[in-house]
Amino acid sequence: MLLDLLLECKKNYETCPAFLYCQGRQEKAVSFQTFFQDVLGEREVFAQWQEKRIGVWAYNSYQWIVSVTGLLLAGKTVVLLDGNLGSEALVRLSGYTDVERLMVDEEMMDEEDEIAPYFPMISLDAMAREREAAARKKPDRESALEKTEEGSFICFTSGTSKSSRGVVLTSKSLCSVIENFENLMEEGERVYLPLPYHHIYAFVHIYRILHYGKTLCLGRMGRNLMEDFQIMKPDILMCVPSILKYLIEQDYFPDYLKLIFTAGSYLRPELAEQAAGRQVKLYNLYGLSETMGSIAHSTPEKGSQWMEPDHGIRFLVGEDGELGVILPSHMEEYYKKPEETCQVLIKEEHLIWTGDACQMDEDGSVRILGRLRDMIVLENGEKIHAEDTDGELSQFSGVEEAAVIYVDGELTAVFVPESADLEKTIVRTLNGYNRNRPAGIQIRKTWFRDMGLPRTSIGKLKRAALEQEYLTRANPGAVGI
């Protein structure tokens, strides 16, 4: 279980740095031994709590990792909440998952008057102070260490807060996917993970990084990415495709960066090709919340689009082209949604239906074509994979972002232009693009948007939200072409 995994890490890497973070222009390290003692301290405090179901609504930090780990070891159910949620969405998701107490960042305590009527709140900083005070009274926790039943956690599928489903996962399954992960990180020691930890991809990789004795660089994300790189000099980057795109645009591939892993959303082939000319090795990972994160990876031989299953995992393809996965560890259920659970999970066969359309080759590797729900079926019976079309439209000169939507029986291209004076040029390019497509799947309308496309915290397009926005505009005014 998780405690055994952490004990093994402490034994094997005791004085090695488990974490690095920036303090001013200096890097600071936390050893595996210190991390283990901090986790035991929090476990001891949490074991005294009567509440069983704890929501964690906070941003990335070392304390976030310590508290979540301590909660799991104390047998609690941890609900992983996006720190960017507004109070209304927070209350909705916390209520749906029966949260009894919220742990939050110190600055979020300012919203206590609004949130506390629903859920009592405590700050992560207060927990750290309580843990440190207890450590002064009882410095040697390990000598009295007892194994107890460990907890579970709930993360959320992508989507708006109203449509997100709570995915229930256990500590036992977490440890299984950690140990079964294909270790592709042998070439590096310092791993930078600039993604929200509440997301399953980042959350599971935190423990995989520790399991292999690597050092997790606690980046500040956003505009601090390059400064963090310069200070901590990671040789492995785990990111989403939008961050890879940013590095390519900035032409920033320092000599010490050896490996890049992308996951979480669609990696466009042209991005992979642009990265291929650098000195780094690129792996594209595939997985879902329901599969507890990544379960397959690309290979240099087949390129970024074909995924080879990890150890102990097998793919199959349904009659409608949907990818099925047989794997030893997976979600328990969608919380409070038994019918939806039965639609995707066949427990006795350990089979998950992913909802992704795919192609499979003779070696059992797959190429993901996009979400089946993102497959647009036109009134004439023609079908298009929306993500493929998104990628093609995004390559038009003068386009910052693009997507295709299907509204009122017509395909509409949504463009975010680099500047307004490029709109006519983009329309002309679209006309040329249409001449190379069958008449039945040509794009008949355009919509120029003056802001970025709506996306989840890891960069996935919220296509349904975009379609709804298009429908509810006061004056759609789409330009015919």
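Reader: Which residues count as being in contact with Phe153, leaving aside its neighbours within four places in sequence?
Author: Contact means that heavy atoms lie within 4.5 Å, and, with neighbours within four places in sequence left aside, Phe153 is in contact with Leu72, Val78, Leu80, Val167, Val168, Leu169, Thr170, Leu174, Ile200, Phe203 and Met292. This is a predicted model, in which local features need pLDDT of at least 70 and side-chain atom pairs count only at pLDDT 80 or more, while totals for chains, interfaces and linings use all residues. Residues are numbered from 1 along each chain as its sequence is written, and side-chain values use heavy atoms, with hydrogens and water left out.

Reader: What makes a set of residues a nonpolar core, and which members of the largest one touch the most other members?
Author: A nonpolar core is a set of buried Ala, Val, Leu, Ile, Met, Phe, Trp, Tyr and Cys residues joined through side-chain atoms within 4.5 Å. The largest such core has 111 residues, of which Phe19, Phe35, Trp64, Met103, Phe153 and Phe261 touch the most other members. Helix 8 (residues 200-211) gives the largest share of this core, nine residues; helices (H or I, at least four residues) and strands (E, at least two) are DSSP runs, numbered from the N terminus. A second, separate core has 20 residues, including Leu81, Tyr96, Val99 and Tyr335.

Reader: Why is Arg53 called buried?
Author: Buried means under 20% relative accessible area, exposed over 50%, and partly exposed in between (1.4 Å probe, protein chains only). Arg53 has a relative accessible area of 17% and is therefore buried. Arg53 belongs to strand 3 (residues 53-58) and, not counting residues up to four places away in sequence, touches Thr77, Val79, Thr97, Asp98, Val99, Glu100, Arg101, Ile154 and Tyr335. Arg53 and Phe153 are 100 residues apart in sequence, with a C-alpha to C-alpha distance of 9.1 Å.

Reader: How do you know whether His350 and Asp408 are buried, partly exposed or exposed?
Author: His350, in the loop between strand 19 (345-346) and strand 20 (351-360), has a relative accessible area of 36%, so it is partly exposed. Asp408, in the loop between strand 24 (399-407) and strand 25 (410-417), has a value of 68%, so it is exposed. For His350, phi is near 55°, a positive value in a residue other than glycine, and the phi of Asp408 is likewise positive and near 55°.

Reader: Why is helix 1 called roughly antiparallel to helix 2?
Author: The axes, which are lines fitted to C-alpha atoms (for helices over the stretch in contact), form angles that run from 0 to 180 degrees between N-to-C directions. For helix 1 (residues 2-13) and helix 2 (residues 32-46), the axes come within 9 Å and cross at roughly 150°. Angles under 35 degrees count as roughly parallel, over 145 as roughly antiparallel, 65 to 115 as roughly perpendicular and the rest as oblique, so helix 1 is roughly antiparallel to helix 2.

Reader: What makes helix 1 and helix 8 oblique to each other?
Author: Their axes come within 9 Å and cross at roughly 40°, and helix 1 and helix 8 are therefore oblique to each other. In this contact, Leu2, Leu5, Glu8, Cys9 and Tyr13 of helix 1 meet Tyr207, Leu210 and His211 of helix 8.

Reader: Why is helix 9 described as largely enclosed by the rest of the structure?
Author: Six of the eight residues of helix 9 (residues 225-232) are buried, so this helix is largely enclosed by the rest of the structure. The buried residues in helix 9 are Leu225, Met226, Asp228, Phe229, Ile231 and Met232.
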